[in-house]
Amino acid sequence: MATTPRATVPHVRSDSESDDEGRRAPNVSVFRRQRPVHRFLGGRKVADVLLWRDRNLSAGMLAGATAVWFLFDVAEYNFVTLLCHAALLGMLLLFLWSVTAPLLGRAPPRVPEVIVSEHAFREAAMAVHRKLERSVAVLYDIACGKDLKKFLSVIGSLWVVAVIGDNCSFTTLVYVGFLCALTLPALYERYGTEVDHLVAKGGEDLQKFYRKVDANVLDKIPRGPVKSKRAHFH
């Protein structure tokens with residue numbers, strides 16, 4: 001006698017199971033912005049340079065920064081010596097140009113009287129003043145201890161920067177920061193999904209490690225009878 005196959009009832013996920021799976025699954029949109037990276041960086045010329053939209057300008061700035069770093073950190077060139085040598089070279093070129101211009105039938109060199117306009121200089125000074133005032137206000141709020149987590153993170157960041165600065169020169173530190181600013185945003189714009197997934201996975205692993213430490217180490221630390229002491233004190 002043939003047996004009829006039993007109908008399989010589809011498994012219905014409960015709310016607790018869906019919550020557990022949501023906790024297990026890495027959130028791949030941890031650092032993914034609702035707006036593009038270009039707009040997040042300001043959407044102007046600086047964003048174009050950092051994201052290599054203007055490749056000639058970005059490559060020129062990177063080459064100039066590399067040359068400056070090589071001169072000051074590798075060749076150990078002095079800033080005053082470099083400034084004097086640049087001034088000597090400029091004066092020599094202007095002298096040769098002014099001497100040979102009548103012989104070649106060309107106009108003598110003309111140096112502009114105003115290199116930077118007064119309006120542009122005031123705008124730049126006001127922008128620097130606003131940024132400095134805002135930074136001082138933020139540091140003051142953090143130093144007052146209103147947000148303990150942010151205060152500890154800033155203290156830890158300053159300590160890490162101090163350790164790095166003790167082992168690296170100032171020129172190398174500035175060059176590494178400039179190099180990161182010219183490479184990391186462009187790489188994140190191209191591989192943002194992969195980076196978000198890896199960061200979320202790493203955050204999940206750190207949470208698991210903290211749970212293990214909390215369960216195996218912190219919970220086993222003996223604690224005194226706090227309630228009985230309080231009752232005895234009162």
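**Exercise 1.** What is the accessible surface of the protein, and what share of it belongs to carbon and sulfur atoms?

*Solution.* Start with the ground rules. The model is predicted, and local features need pLDDT of at least 70, side-chain atom pairs count only at pLDDT 80 or more, while totals for chains, interfaces and linings use all residues. Residues are numbered from 1 along each chain as its sequence is written, and side-chain values use heavy atoms, with hydrogens and water left out.

Step 1: take the total. The accessible surface comes to about 20300 Å² (Shrake-Rupley method, 1.4 Å probe; for residues, only the protein chains shown count as cover).

Step 2: turn to burial. Of the 234 residues, 9% are buried (buried is under 20% relative accessible area, exposed over 50%, partly exposed in between, with a 1.4 Å probe and protein chains only).

**Exercise 2.** Describe the fold by its elements and its contacts.

*Solution.* Step 1: count elements. The protein has ten helices and zero strands (DSSP runs numbered from the N terminus: helices are H or I, at least four residues; strands are E, at least two). Read from the N terminus, the order is α-α-α-α-α-α-α-α-α-α.

Step 1: sort the contacts (heavy atoms within 4.5 Å). Take those between residues at least 6 apart in sequence; 55% of them join residues at least 24 apart.

Step 2: compare with the record. The unreviewed UniProt entry lists residues 79-99 and 158-184 as "transmembrane region". UniProt positions follow the numbering used here, feature names are shortened, and annotations may be inferred rather than shown by experiment. In the model, residues 79-99 are 100% helix and 0% strand, with end C-alpha atoms 30 Å apart. Residues 158-184 are 93% helix and 0% strand, and their end C-alpha atoms are 21 Å apart.

**Exercise 3.** Find the salt bridges and place each partner.

*Solution.* Step 1: apply the criterion, a side-chain nitrogen of Lys or Arg within 4 Å of a carboxyl oxygen of Asp or Glu. Two salt bridges turn up.

Step 1: take E189 and R53. Their side chains pair at 2.5 Å, N to O. E189 sits in helix 8 (residues 170-190) and R53 in the loop between helix 3 (45-50) and helix 4 (55-74), so this pair ties together parts 136 residues apart in sequence. E189 is partly exposed at 30% relative accessibility. R53 is partly exposed too, at 46%.

Step 2: take E204 and K208. Here the N to O distance is 3.8 Å. Both residues belong to helix 9 (residues 192-216), four residues apart, about one turn of the helix. E204 is buried at 10% relative accessibility, whereas K208 is partly exposed at 41%.

**Exercise 4.** Which residues form the nonpolar patch on the surface?

*Solution.* Patch residues have over 30% relative accessible area and no salt bridge; like charges are joined within 9 Å, nonpolar side chains (Val, Leu, Ile, Met, Phe, Trp, Tyr) within 5 Å.

Step 1: list the members. They are W159, V160, V161, V163, I164 and L173, with about 520 Å² of accessible area together.

Step 2: find the main contributor. Helix 7 (residues 148-167) gives the most, five residues. W159 lies in helix 7 and is exposed, at 61% relative accessibility.
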